[in-house]
Amino acid sequence: MNTLQFFMSVCVALATVVLPARARSAPGDLYVAEPTGGGTIYRFTPARDRSTFLTGPSQPVELAFDRLGNLFLGNSGAGTIPQPSLIYKISPDASGGIFVTISSSSLLDMAFDGAGNLLVSTGSDIVKIASDGTQSTFASPVEGAAALALDRFGNLYVAINAPGANSIKKFTPDGSSSSAFVTFSGPGDSIAAMAFNVTGDLFVQRGDSILKITPDGNQSVFSTGDSYSALAFDRDGNLFAALNAFGPGDAAIVKFTPDGTKMTFASGPLLPSDLAFEPVTEKVRNISARGLVGTGDDVLIGGFIVGGSALANNAVVVRALGPSLSSAGVGHTLQDPLLELHDASGMLIATNDNWQDTRKDRITASGLAPSDTRESAIFATLPAGNYTAIVRGAGDSTGVAVVEVYSVSK
């Protein structure tokens, strides 16, 4: 393809995308990509009402919402004449257009990390796209890279569909190191989709089974008998799975309750390639508590609740202040606070001693950086749920401290 042909193909792709006529205002709705028949994005309400949201993209294969409610649509360039892939961005006010062009004609999955970067799998690399459209390499080469999923700690899980045994690799948030999370014995079925639930279990569509894999790697069969093309959790912890439905009586989207009960959510004809829920963002604003931190069980505890969806789209900064309280006339302050963040099950999400040691850039950008380097702070993006912040003293030291939780925009 020459330069003129490429320019014309991009212009045609943009011109033929029909954006919705009115703004979206239905957090919690399910969006479904179907690449057949010229390409369509459907929207389903929780009551199962179906409408056409967008038409025109030739190969809409992937969907992803950022935490601000913008819908990103991956339009694969694969076809009779391979072309670069396009990613569209559609804002909550229904305006939108091409966000970036990916040089690869293969676009296999997309997912947002906690910092608002869009991660894209091309089958051989993981591309990171910043909010301003700047592209960089997150990890390369990653041969066989397909489905993506991020856990609550910001680690990226990548399904590897290789000629030999398939596996799932785990990458640190910055992509600097990786490890094998699960390796499936022997050659076999490819991994089509992955999704995390709110408790940190990874659900994997492999062959005709959905596997449930705990954070320590233990596997069990959640459902079997169908080859689903996409998985997504709603805000209530229900798992939605998509499969090809060629007739009006065929199930196209099924819903599994947390206990595994299966029901038909939508029927065909429908050939979905991906599912995504519009996020519900109800953020904690801020809380603050002051108390004496002792030793043993005599710690300072701050509990808080985050509303919204199962997506990790609620950004917070948690702080533990001690030394800086002296300037406000507080006596016997805790000189070296240690901060922990736990989820509802008691699992440790993050810990920090000196705030500059972890996510310094995000904490500084929030405007909530503590004034003393010995004080602690944690930046995290959280799904809906109950959380606990615990303040201790380094070396069993004691004193008065303050624990604070702030909602931040990003």
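User: Why is Asp396 called exposed in this structure?

Analyst: A residue is called exposed when its relative accessible area is over 50%, buried when that area is under 20%, and partly exposed in between (1.4 Å probe, protein chains only). Asp396 has a relative accessibility of 58%, and therefore counts as exposed. This is a predicted model, in which local features need pLDDT of at least 70, side-chain atom pairs count only at pLDDT 80 or more, and totals for chains, interfaces and linings use all residues. Residues are numbered from 1 along each chain as its sequence is written, and side-chain values use heavy atoms, with hydrogens and water left out.

User: What makes Arg359 partly exposed?

Analyst: The relative accessible area of Arg359 is 34%, so this residue is classed as partly exposed. Arg359 belongs to the loop between strand E30 (348–352) and helix H2 (360–365). Although Arg359 is not a glycine, it has a positive phi of about 55°.

User: Why is Ser223 called buried?

Analyst: Ser223 counts as buried because its relative accessibility is 11%. The residue lies in strand E19 (residues 219–224). Leaving aside residues up to four places away in sequence, Ser223 touches Asp208, Ser209, Ile210 and Phe256; a contact means heavy atoms within 4.5 Å.

User: Why are E16 and E19 said to stand at the edges of their sheet?

Analyst: Two strands pair if DSSP finds at least two bridges between them. The order E16-E17-E18-E19 describes an open sheet of four strands with antiparallel pairing. Strand E16 (191–196) and E19 each have a single partner strand, so one side of each is left without a neighbour in the sheet. From one strand to the next, the twist averages 25°.

User: How do you know that strand E17 and strand E18 pair?

Analyst: Strand E17 (residues 202–206) and strand E18 (residues 209–213) are joined over five bridges in the antiparallel sense. Within this pairing, Val204 stands opposite Leu211 in E18.

User: What makes E20 and E23 edge strands?

Analyst: The order E20-E21-E22-E23 belongs to an open sheet of four strands with antiparallel pairing. Strand E20 (230–233) and strand E23 (262–267) each have a single partner strand, so one side of each is left without a neighbour. E20 and E21 run antiparallel and are joined by four bridges. In E21, Phe240 is the bridge partner of Ala232.

User: Why is strand E33 described as mostly covered, and which strand do eight bridges join to E33?

Analyst: Eight of the nine residues of strand E33 (residues 399–407) are buried. Eight bridges join strand E26 (residues 286–293) to E33 in an antiparallel arrangement, with Val402 in E33 as the bridge partner of Arg290. Strand E28 (residues 314–321) also runs antiparallel to E33, through six bridges; there, Glu404 in E33 is the bridge partner of Arg319.

User: Where is confidence lowest in the protein chain, and where is it highest?

Analyst: The scale is pLDDT, the predictor's confidence in each residue, from 0 to 100. Helix H1 (residues 3–15) is lowest, at a mean of 35, and strand E21 (residues 239–242) is highest, at 98. Over residues 1–15, pLDDT stays under 50. Where pLDDT is low, the predicted coordinates should not be read in detail. The protein chain averages a pLDDT of 87, and 90% of the residues score at least 70.

User: How many helices and strands are there, and what share of the residues is buried?

Analyst: The protein chain has two helices and 33 strands. Of its 410 residues, 52% are buried.

Methods. Axes are lines fitted to C-alpha atoms, for helices over the stretch in contact, and angles run from 0 to 180 degrees between N-to-C directions.
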